[in-house]
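Please open the model in your viewer and keep the selection panel at hand. The tour below moves from stop to stop, saying at each one what to select and what is there.

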Amino acid sequence: MIYKREIVVRGGSGGDGSVSFRREKHDPFGGPDGGDGGDGGNVVLVSSPDLADLSFLGRRKEFAAQNGRRGSGGRKKGKRGEDLVVAVPVSTMVFTRPESGQETLLADLRTPGQKAPVARGGRGGLGNARFATAVNQAPEIASKGEPGEKRPIILEVKPITDICIVGPPNSGKSTLLSAISRARPEIADYPFTTREPILGVMLGDKRDFIVAEIPGLVAGAHSGKGLGNEFLRHAERTRLLIYLLDGSSPTVIDDLGTLDKEIASYKDLAHKPKIVAVNKMDLPEVQAYLRQIKEHFARRGVPVFYISALSGQAVLELTRKATEMVEEAGPGEETISQSQIAIFRPKPRK
Ligand SMILES: Nc1nc2c(ncn2[C@@H]2O[C@H](COP(=O)(O)OP(=O)(O)OP(=O)(O)O)[C@@H](O)[C@H]2O)c(=O)[nH]1
Ligand SMILES: [Mg+2]
């Protein structure tokens, strides 16, 4: 899966204006009648809920709209170049890549069907009919069409979610996601079963919540260990993190520290509201040193839940607290589920 790509977009060039004179039997020295060139087409991005990532772009580097056609005699305007419409996943952010300095956000395509023009077509040139004046009634000049706007842009998919489940490999993230949502990720007793972020919808009383599972994070993920930490991009626009730890891990206390470090090393994720959930409470070996774990985690100052994603123990309490905290986090960013209504931005009038 590809979540970040740079492409070059180019609007079509405008067609040239035409130089032409009316010649008819009854009027052999008729005036200039060269038409204007057509405008070039624009490149427009549109967000589609059917796409999950950017791999469909393939290796294609440049995306250009059609050129406008040249004008012709009889004051005929050249045909306008067609727009090139490129579909991208919902929640794609579009940045400019300036020669120097900061990338700036061009568009944030967060609702299905939302459109963003990213490269304008050039205007068509003027035909010689436009240049006729009292002094020069037979102008031999027409103007050229303008080139279309051309620029590199960066596409980055950053889903907007309510809750992200993060944790070490094999801690039960997929089991929890399938317990609380309709997603059915693969579950297996080895690390890195989940290799891509997975989204699920959790049904709520008043509204539904988008929950994501992020692939397992190991110590050093920020420097590429394990599957790396690139997937935390999926947590950038979440409202709540659930730290899911494996209660049967002999190092469960250190696991929390490791996870904290990895989260802290990714942009400003450290500031997100969070809940800690210690999983696999159904296992007898966990019970053995549960008191020790509880004592340690109680000092952390974040809500801690002791759950079994497998048996369902305390899962309802966890989700209740989670939805409460999501609502407390305020209106924040709208998730996909709440904004299925397409927003079509009308094209500017010429
Ligand atoms: N006993 C017990 N086993 C669990 C529980 N939750 C998950 N497991 C088991 O732990 C193993 C890993 O579960 P997954 O849900 O695949 O864990 P994960 O965190 O998604 O793992 P990765 O995607 O590989 O990082 C599986 O064998 C699960 O059956 C639980 O609450 N109790
Ligand atoms: Mg998994």
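Which residues coordinate the magnesium ion (ligand 2)? Select the ion together with Ser-174, Thr-194 and Glu-213, and you will have its donors on screen: OG of Ser-174, OG1 of Thr-194 and OE of Glu-213, at 2.0 to 2.3 Å. Donors here are N, O and S atoms within 2.8 Å of the metal (3.2 Å for Na, K and Ca), and since water is not among the atoms, sites may look incomplete. Along the chain the donors follow the spacing S-x19-T-x18-E. Because Ser-174 lies in helix α1 and Glu-213 in strand β11 (residues 209–213), the pair ties together parts that are 39 residues apart in sequence. Helices (H or I, at least four residues) and strands (E, at least two) are DSSP runs, numbered from the N terminus. Both Ser-174 and Glu-213 are buried, where buried means under 20% relative accessible area, exposed over 50% and partly exposed in between, with a 1.4 Å probe and protein chains only.

Before going further, please note that this is a predicted model, in which local features need pLDDT of at least 70 and side-chain atom pairs count only at pLDDT 80 or more, while totals for chains, interfaces and linings use all residues. Residues are numbered from 1 along each chain as its sequence is written, chains are lettered from A and ligands numbered from 1 in the order in which they are written, and side-chain values use heavy atoms, with hydrogens and water left out.

Next, select ligand 1 and the 24 residues around it, among which Lys-173, Ser-174, Thr-175, Thr-193 and Asp-282 come nearest; a residue is near if one of its heavy atoms lies within 4 Å. This shell divides into nine nonpolar, 10 polar and five charged residues, and helix α1 (residues 173–180) gives the most to it, with three residues. Turning to the oxygen atoms of ligand 1, you will find one 3.1 Å from a backbone N or O atom of Ser-171, one 3.0 Å from an N or O atom in the side chain of Lys-280, and one 3.1 Å from an N or O atom in the side chain of Ser-308. The protein covers 91% of the 640 Å² of accessible area that ligand 1 has on its own.

Now select Pro-185, in the loop between α1 and β10 (198–202). Is Pro-185 buried or exposed? At 11% relative accessibility, Pro-185 counts as buried. Leaving aside residues up to four places away in sequence, Pro-185 touches Ser-174, Leu-177, Ser-178, Ile-198 and Glu-213, a contact being heavy atoms within 4.5 Å; two of these, Ser-174 and Glu-213, also coordinate the magnesium ion.

Move on to Asp-108, which is found in strand β6 (residues 105–109) and is buried, with a relative accessible area of 15%. Its side chain makes a polar contact with the side chain of Arg-110 at 2.8 Å. Beyond residues up to four places away in sequence, Asp-108 touches Thr-92, Met-93, Gln-114 and Arg-237.A polar contact is a pair of N or O atoms within 3.5 Å; within protein, one must be able to donate a hydrogen and the other to accept it, and residues adjacent in sequence count only if both atoms are side-chain atoms.

Finally, select two residues for their backbone angles. Most residues other than glycine have a negative phi. Ser-91, although not a glycine, has a positive phi of about 75 degrees; Ser-91 sits in the loop between β4 (84–89) and β5 (92–96) and, at 1% relative accessibility, counts as buried. Asn-170 has a positive phi too, near 70 degrees, and is found in the loop between β9 (163–166) and α1, where at 25% relative accessibility Asn-170 counts as partly exposed.

Terms used: Areas by Shrake-Rupley, 256 points an atom, 1.4 Å probe, with all protein chains shown as cover. Nonpolar A, V, L, I, M, F, W, Y, C, P; charged D, E, K, R; others polar.
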